[in-house]
Every structure is written in structure tokens, then in C-alpha cells.
Amino acid sequence: MNWDSVQQVVRIVLYSAGAYVLGDGVANGESFQALIGGVLNIGAFVWWYVWERKRD
């Protein structure tokens, strides 16, 4: 397993854990849970974008 694979697995685990914790502990309504999911998706995209730019 190389560094790229490890980084991908860590990102997925953190993303999933964050979604569970924030969605379960903070959000009570469905729309608020969707908002949290959207924010986490944007964070995941930004992480991917910065990582790919560093590789070039």
C-alpha cells in the first residue's frame, strides 16, 4: 500500500466519522443534516484539489 492509498483511506474514514458525529450530535432536522453533508463534501473536494495541485 503506497502513500496515495493510505491518504485516501484516512480521508474516507475521517469524512465518514465526521458525518456521523456531526449528523448525529448536532443536526436534528433533515435539511440541517443535508447542509452538514454538503459542507463535508466541499471539504473533501478542497482537500483533493489541494493534494492534486501539490503533486504537479
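Modeller: Let's start at W48, which sits in helix α2.

Biologist: Before we go on, what kind of model is this?
Modeller: This is a predicted model, where local features need pLDDT of at least 70, side-chain atom pairs count only at pLDDT 80 or more, and totals for chains, interfaces and linings use all residues. Residues are numbered from 1 along each chain as its sequence is written, and side-chain values use heavy atoms, with hydrogens and water left out.

Biologist: OK. How many helices and strands are there?
Modeller: Two helices and zero strands. Helix α1 covers residues 3-25, and helix α2 covers residues 30-55.

Biologist: How many aromatic pairs does the structure hold?
Modeller: Two. One is F45 with W48: the ring centres are 5.5 Å apart and the planes are at 40°, so that pair is tilted. The rule covers rings of Phe, Tyr and Trp (its six-membered ring) with centres within 6.5 Å; planes under 30 degrees apart are stacked, over 60 edge-to-face, and the rest tilted.

Biologist: How far apart are F45 and W48 in the helix?
Modeller: Three residues, which is about one helical turn of α2. F45 is partly exposed too, with a relative accessible area of 48%.

Biologist: What about F45 and Y49?
Modeller: Their ring centres are 6.3 Å apart and the planes are at 20°, so this pair is stacked. F45 and Y49 are four residues apart in helix α2, about one turn. Y49 is partly exposed at 40% relative accessible area.

Biologist: Which residues do the ring pairs link into a cluster?
Modeller: F45, W48 and Y49. Those three also belong to a nonpolar surface patch with I42, V46 and V50, with about 600 Å² of accessible area together.

Biologist: What makes it a patch?
Modeller: Members have over 30% relative accessible area and no salt bridge; nonpolar side chains (Val, Leu, Ile, Met, Phe, Trp, Tyr) are joined within 5 Å, and like charges within 9 Å. A salt bridge is a Lys or Arg side-chain nitrogen within 4 Å of an Asp or Glu carboxyl oxygen.

Biologist: New topic: W51. Which residues does W51 touch?
Modeller: W3, D4 and Q7, leaving aside residues up to four places away in sequence. Contact means heavy atoms within 4.5 Å. W51 and Q7 are 44 residues apart in sequence and 9.9 Å apart in space, C-alpha to C-alpha. W51 lies in helix α2 and counts as partly exposed at 23% relative accessibility.

Biologist: And the whole protein, how much of it is buried?
Modeller: Buried residues are 12% of the 56. The accessible surface is about 4500 Å², with 65% belonging to carbon and sulfur atoms. Areas come from the Shrake-Rupley method with a 1.4 Å probe, and for residues only the protein chains shown count as cover.

Terms used
Buried means under 20% relative accessible area, exposed over 50%, partly exposed in between (1.4 Å probe, protein chains only).
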